Amino acid sequence: MECVDHFLSPSLPVSYLSQAEQSIVSLWKVQGLATVADLYRQHMDQLLQWLSASQKTWTSYSPQRLQLQVIATQSGPVIGEFLPLLMPLLQNCLDPERDPEMRLHIFTMLSKLLLDATHTLDSQGRFCEHLDVFLLELLLPNLVWKAGRTAAAIRTSALSCLLALLQGGAITPSQLLVVEERLSPQVLSALEEDSQLSRLLACRSLSTLLKLIGPGLHPDALNNIYPEVLKRLDDSSEEVRGVALRALGLWLASLGKDYNSQLYSQHLEVLFQQLLLHLDDPDSRVQDTVLEVLKTGSGIHPALLKQEVEAVRDKQRTPVYCDQLLQHIHSLRQDTV
């Protein structure tokens with residue numbers, strides 16, 4: 001163990017890192033193993049137990065924290081074979097009462113792993129067995145609002161980790177549907193963060209969520225989402241505004257047969273009215289995006305949208321976009337004849 005500890009030591013100068021890597025290669029060759037992964041597989045159980053024994057005293061400066069990072073990121077698919085040992089270790093490290101900087105580093109590591117989940121944490125297809133613990137005990141507690149810059153930075157890193165989870169394939173749509181009710185409130189709350197990056201990550205997370213399970217969400221769940229996203233159309237960041245607009249397009253595309261457009265017409269009316277305000281944006285790129293979003297929603301309640309467009313047409317700088325939208329609505333009606 002001391003030998004492996006030496007090779008994994010994060011305190012080694014950069015000039016020695018390649019030597020350490022070469023030593024690892026020498027180790028697996030000497031032991032007659034086929035690959036470096038086999039070396040990690042042979043010692044992973046012992047390594048993780050060894051790290052777990054000291055984890056309660058770790059801080060961001062602890063060499064063991066960096067050793068965990070090396071083990072997790074360099075072992076490739078092997079780490080996915082040892083989730084029962086890894087998850088309790090991560091759970092303790094990410095306790096909201098633990099060292100904040102250490103949690104930042106752990107979340108950064110997890111984001112990288114989750115983006116390539118099929119070749120890391122989910123290499124065995126068993127990450128789903130630990131999903132509840134990961135979301136409810138590791139991730140969501142770190143998204144709870146607390147005052148201070150450090151707490152805000154941790155929420156940002158946790159959002160980045162969540163987005164990696166949603167995009168990396170470690171969670172299936174059916175699994176996401178089960179946890180959506182507990183997950184969405186935290187993400188919607190993050191749309192109000194002072195940090196532009198946090199708001200952007202929250203918007204992207206909602207967009208990915210809608211892509212994955214939007215059509216399967218209950219109408220009430222959908223109606224909880226759009227008002228918070230609408231607020232971001234007035235965001236100080238153009239990037240956040242753009243992502244929020246695309247999220248609203250995905251929201252509209254999620255409205256299926258279970259969404260009664262007559263029953264929920266007041267929700268649609270508010271959404272259409274707000275989007276039409278931004279159809280008159282000084283930036284033509286924003287206008288083009290809003291037009292496409294409204295076209296997406298035009299088939300849901302065409303009569304209502306036509307009524308709202310006609311009400312604002314003569315109040316806008318130019319009627320061009322409204323006329324294009326009215327023409328599109330008219331073409332939909334012709335197609336149904």
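Is Cys161 buried or exposed, and what is its relative accessible area? Cys161 is buried, with a relative accessible area of 0%; buried means under 20%, exposed over 50% and partly exposed in between (1.4 Å probe, protein chains only). The model is predicted, so local features need pLDDT of at least 70 and side-chain atom pairs count only at pLDDT 80 or more, while totals for chains, interfaces and linings use all residues. Residues are numbered from 1 along each chain as its sequence is written, and side-chain values use heavy atoms, leaving out hydrogens and water.

**Cysteines**
- The whole structure contains zero disulfides, a disulfide being a pair of cysteine sulfur atoms within 2.5 Å.
- The closest cysteine sulfur to that of Cys161 is in Cys93, at 13 Å, which is too far for a bond.
- Cys128 is partly exposed, with a relative accessible area of 35%, and its sulfur lies 17 Å from the closest cysteine sulfur, in Cys161, again too far for a bond.

**Nonpolar core**
- A nonpolar core is a set of buried Ala, Val, Leu, Ile, Met, Phe, Trp, Tyr and Cys residues joined through side-chain atoms within 4.5 Å.
- The largest has 101 residues, of which Leu110, Phe134, Leu165, Trp251 and Leu275 touch the most other members.
- Helix 8 (residues 149–168) gives the most to this core, with nine residues; helices are DSSP runs (H or I, at least four residues), numbered from the N terminus.

**Helix 4**
- Buried residues of helix 4 are Arg65, Gln67, Leu68, Ile71 and Ala72.
- Seen down the helix 4 axis, these buried residues fall within an arc of 160 degrees (directions from the axis to the C-beta atoms), so they line one face of the helix.
- Just after helix 4, Gly76 takes a positive phi of about 60 degrees.

Conventions
Helix = DSSP H or I, 4+ residues; strand = E, 2+ residues; numbered from the N terminus.
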